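Okay, thanks for coming, everyone.

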Number of protein chains: 2
Amino acid sequence: MTVPPPPPKITVVVPKSAAIHSATVSAPTNIACIKYWGKANTHYNTPINSSLSVSLDQCDLRAVTTASASSSFDRDRLWLNGSEVLDVSTSKRFRACVDGVRALATDKIDPNTNQVLVSKADWEGMHVHIASYNTFPTAAGLASSAAGYAALVAALVQLFGAKESYPGEFTAIARQGSGSACRSLYGGFVAWRAGGAKADWSDSIAEQVADESHWPEIRAVILVVSDAKKETSSTDGMSTSVNTSELLAFRAKEVVPKRMQIIEKAIKAKDFDAFGKVTMMDSNQFHATCLDTYPPIFYMNDVSRSVVQMIHKYNEWAGEIRAAYTFDAGPNAVLYTLDKHVVELLALVLKYYPAKSNDFVEEYVSSESLAKEALAFELDPSLIAAVEKSCRVHEHGDVKMVYCTKGGPGPQTLDPSESVFEFKME
Amino acid sequence: MTVPPPPPKITVVVPKSAAIHSATVSAPTNIACIKYWGKANTHYNTPINSSLSVSLDQCDLRAVTTASASSSFDRDRLWLNGSEVLDVSTSKRFRACVDGVRALATDKIDPNTNQVLVSKADWEGMHVHIASYNTFPTAAGLASSAAGYAALVAALVQLFGAKESYPGEFTAIARQGSGSACRSLYGGFVAWRAGGAKADWSDSIAEQVADESHWPEIRAVILVVSDAKKETSSTDGMSTSVNTSELLAFRAKEVVPKRMQIIEKAIKAKDFDAFGKVTMMDSNQFHATCLDTYPPIFYMNDVSRSVVQMIHKYNEWAGEIRAAYTFDAGPNAVLYTLDKHVVELLALVLKYYPAKSNDFVEEYVSSESLAKEALAFELDPSLIAAVEKSCRVHEHGDVKMVYCTKGGPGPQTLDPSESVFEFKME
């Protein structure tokens, strides 16, 4: 399957001999196992419960952002996927990130001369130009805001040489851009602590539970499910849920704290059975609270539900949890599994959610090599018999594409040659 | 639409001059507004929360049962819809009903001679023959067990001239046959009090909140939704939910008691807005707890969900609640409305869930007259515009048939000529 190429660089004309300071980074998206749903404080953009996610490998899905500052810039500007976003300088989320990170700026020192090139005060006097793009095919409908705001904050940190005054301060800034973005500032398994003990919510931060090297066998197979109807935006949905669902309030207060302990223990022990079970239960409970919202919110559809049933039959057949589904605010299924089961799982997926034909499987599955292994894999007839009780073979198109990916690191600093900008001297 | 005719009478050959005592009754089904889901005690078949339902008119949907007793019968026998159920005499549910009512039997007196025809002791010595049928097309997939066990108990009460030792004792007996059957022993609006203060659960009984004459404007439009996959039985589903859903326990303890007060107040005040809102919220919460069950249980499908969205758009457009949906353990939608809105609602239903063609509407809708009024009704263009945002016109077949019915009375004593038995003397 072809990932779209980076958009052409954004060309900006600047005065001759203008000093431009730039940093370019990439950041991952993340998929929650313990779900974030419901804001405790809309001003600080903080959650009613803690959550936990896996940061995904950046090969297929990533946001790339260049942050530049120059005394020659006459105003703050932002370009997303090639087009400029107007009036960005007044956007609350954008300002929170730019001003939040700049407040932690340090002097930029010439490594050779030890001379101060840019002082903290100098940074304050400069406007920024930000250019960002992501490699999420729009068709995929996979949330890109987490990766995008994480890349923005990470790029600004590089640009300004920012230093945290307490651990997690950068994640608290990213959280004000987009809640789940705070979890994309680390790799591996990341918890977002709800916080709330401090009046300014500075304790609502992300923490790395384990890095990507701790449990490298973790794999994610993402089924992009077609959906005709327009979805309720997360922000709107959360606020309606908080206002109307008694089950959501109970979940946040009584259920999630226990589940955070269970999943962190499971991750540390690399216990996939416990990790998978609590992940599935929490996805179901999140969607249950959406259904308990008035009017109800539906994100999963009949295809999503058939995936759920296929996975339960698969695990029952195996006598262990080999795959665990989770669904965000949409019908797409993310299936977590282990390296040793990924070919069997993909073979099962390709049987019940087939490509247009086997000749088209490379367009349908992100990994050509895995796709070929899966097509060659012989599913156990007793597994097929077990699954067929609850899952039919779907038409091609019910699932639009399949990503095969894994856990990965946090934001990466990229070479200046990968800058999203091209600055032309007048 | 054609309701299937009663099955041929069950012919039983009895010794010449044998005295046969018989009673024939019909009983309604009921549709819950506050849902019963989860058993507190499986032996006594009692619920974890109270519930409330509307007993439906018996013209379309009813169970008819004849209970007969004779010293000439050599064993207890039961026929359902024309075929005999074997080994019934050892069925726990059947025995609970027969023995439970017989224990409350009274002497049968000859009205003319005042002579005792059958003494309480005589009843004890007789076996019973029971024959029952219902007018629920199997296609409909509408629960018939509530009506069936209610008709069984009501027929036995007639047969034995049984007298309650406390109010609701008969409903406590019917509850042991099938939980929701206790609510079908009364007409109108019926609450099932969870009980549990008494060790023998004799306080888990149904009570009439208001009879069918209190709010005669109430109408029910039932959309029978096609569903490919086999559903989880209520008994199995409930037990899995009770064992795995923390949300269900919270709902039963904290949410339902408040909702019972709200809906009883709404019924007494004939406040359809309050009645409809809590009915919809409780249906959604019941299905939310099914989704929170592990593995999750799905009863609603994409067609069910589209009905939910259509009804919300309809009510938003109207600026008041004109229709309220509720879903039991299956995909069928029951829409409560008022007499003055039923034609508009049916017109909306026929637009988005059409009959094969207008020529077939009489096969598709239970009431020919209402169907014709609905076809002639001009829906407000602004209503169509509002609904079309979230609901498409479905293919015929997504909804298999539409029942138009209303609230109705409890069990009715029928003429001996309607006996389900024909006893032939040897």
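Let's start with a helix pair in chain B. Helix α8(B), residues 302–318, and helix α9(B), residues 342–352, have axes that come within 12 Å and cross at roughly 135°. That makes α8(B) oblique to α9(B), where angles under 35 degrees count as roughly parallel, over 145 as roughly antiparallel, 65 to 115 as roughly perpendicular and the rest as oblique. For the axes, think lines fitted to C-alpha atoms, for helices over the stretch in contact, with angles from 0 to 180 degrees between N-to-C directions. Helices here are DSSP runs of H or I with at least four residues, strands are E runs of at least two, and numbering goes from the N terminus.

The crossing of α8(B) over α9(B) is right-handed; that's the near helix turned clockwise from the far one by less than a right angle, with anticlockwise being left-handed. On the α8(B) side, M310(B), I311(B), Y314(B) and W317(B) do the meeting, and their partners in α9(B) are E344(B), L345(B), L348(B), V349(B) and Y352(B). Contact means heavy atoms within 4.5 Å.

Quick housekeeping before I go on. This is a predicted model, so local features need pLDDT of at least 70 and side-chain atom pairs count only at pLDDT 80 or more, while totals for chains, interfaces and linings use all residues. Residues are numbered from 1 along each chain as its sequence is written, chains are lettered from A and ligands numbered from 1 in the order in which they are written, and side-chain values use heavy atoms, with hydrogens and water left out.

Now, how do the two chains relate? Chain A can be laid on chain B by a turn of 180° and a shift of 0.0 Å along the axis, with an RMSD of 0.0 Å. So the two copies are related as by a two-fold rotation axis. In chain A, A288(A) has the C-alpha nearest that axis, 2.1 Å from it. The superposition is least squares on the C-alpha atoms of residues with pLDDT of at least 70 in both copies. And the copies meet through the same surface, because 100% of the interface residues of chain A are also interface residues in chain B.

Over to chain A, then, and another helix pair. The axes of α3(A) and α4(A) come within 9 Å and cross at roughly 135°, so they're oblique to each other, and this crossing is right-handed. Y149(A), V153(A) and V157(A) from α3(A) meet F170(A), I173(A), A174(A) and G177(A) from α4(A).

Among the buried ones are E169(A), T171(A) and R175(A). What do they pack against? In chain A, that would be β5 (46–47), α1 (92–102), α3 (145–160), β13 (189–192) and β14 (206–210).

The peptide bond from Y294(A) to P295(A) is cis, with omega near -5°, and P295(A) sits in the loop between α7 (272–291) and α8 (302–318) of chain A. In chain B, the bond from Y294(B) to P295(B) is cis too, omega near -5°.

Then there's N81(A), with phi near 45°, a positive value in a residue other than glycine. N81(A) is in the loop between β8 (77–80) and β9 (83–85) of chain A, and counts as partly exposed at 43% relative accessibility. S17(B) also has a positive phi, near 70°, and S17(B) is exposed, with a relative accessible area of 69%.

Last stop, cysteines. But C59(B) counts as exposed, at 57% relative accessibility.

That's it from me.

How values were computed
Buried means under 20% relative accessible area, exposed over 50%, partly exposed in between (1.4 Å probe, protein chains only).
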